[in-house]
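Here's a quick briefing to read alongside the model. Have the sequence and the 3D view open as you go.

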Amino acid sequence: MPTDRSNFMPQAAVVEIGSRDKILDAAEALFSRRGFAGVGMREVAEAAGLGKSSLFHHFTSKAELYAAVVGRILDLFDERTTAALAAGGDVVARFDRWLDAMIDTLATHRNSSRLLLRSLFEDDELTGISQEEQRVDQTMQRLFTNIARLLREGMESGVFRRASIPHALQSLVGLTIYHFASGELGEEITGRSLFGSEEVRTRKEEVKSLLHGGLLVAQHPRA
């Protein structure tokens with residue numbers, strides 16, 4: 001039976017964890033809509049129902065808070081894609097599960113796509129010196145390294161066609177993250193909500209079909 005660990009933690013520690021989560025939830029919603037520069041710390045504190053001093057008790061700067069928000073999302077992607085890759089099977093099965101994990105996570109965490117896209121061009125705003133920021137860099141590197149390793153395995157085994165792995169990674173970012181960040185434009189193009197279960201299923205099928213047609217070598221039975 002699962003154990004509620006909070007029953008064995010000091011009450012102050014439980015409150016600390018709860019306050020941090022409230023801050024991250026509020027900051028995630030704000031940053032995903034308006035980006036790093038468009039959000040102030042006081043606004044985050046108010047949205048979380050805390051005083052500004054309480055906010056600075058958890059995060060000493062806006063850069064640290066922003067990195068913590070991005071890091072929490074990346075941790076989720078890291079956990080789910082790592083499990084997908086570790087589940088076994090041939091290179092195509094693992095690749096398809098990786099895509100499913102990416103798309104399902106983006107679909108169920110609606111702020112994640114826009115926040116991740118923003119973080120790619122807002123990193124100039126960050127100092128890179130806090131532990132939160134360094135952890136984001138490490139997680140991002142691990143995510144790219146894992147899928148790059150799978151692509152390389154597929155190419156070396158003759159299942160995937162030879163291609164530029166860096167460009168393939170760029171394409172995967174566009175095919176997965178951009179779709180859910182496209183908002184009204186995406187819904188106008190598809191004619192339905194991007195986050196509906198039927199549209200998510202269709203997205204999985206279309207991305208796999210596109211990648212199988214362009215990535216697998218012609219003689220492979222799944223091509």
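**Overall layout**

Starting at the N terminus, the protein chain's elements go α-α-α-α-α-α-α-α-α-α. That makes ten helices and zero strands, with helices (H or I, at least four residues) and strands (E, at least two) taken as DSSP runs numbered from the N terminus. This is a predicted model, where local features need pLDDT of at least 70, side-chain atom pairs count only at pLDDT 80 or more, and totals for chains, interfaces and linings use all residues. Residues are numbered from 1 along each chain as its sequence is written, and side-chain values use heavy atoms, leaving out hydrogens and water.

**Chain totals**

- Of the chain's 223 residues, 45% count as buried (under 20% relative accessible area, with exposed over 50% and partly exposed in between; 1.4 Å probe, protein chains only).
- Among contacts (heavy atoms within 4.5 Å) with a separation of 6 or more, 68% are between residues 24 or more positions apart.

**Helix α2 (residues 41–48)**

- M41, V44, A45 and A48 are the buried residues of α2.
- They share the same side of α2 because they cover an arc of only 100° around the axis, using directions from the helix axis to the C-beta atoms.
- R42 and E46 are exposed on the other side of α2.
- Just after α2 comes G49, with a positive phi of about 75°.

**Around helix α9**

- I189 sits in helix α9 (residues 183–190).
- I189 counts as exposed because its relative accessibility is 64%.
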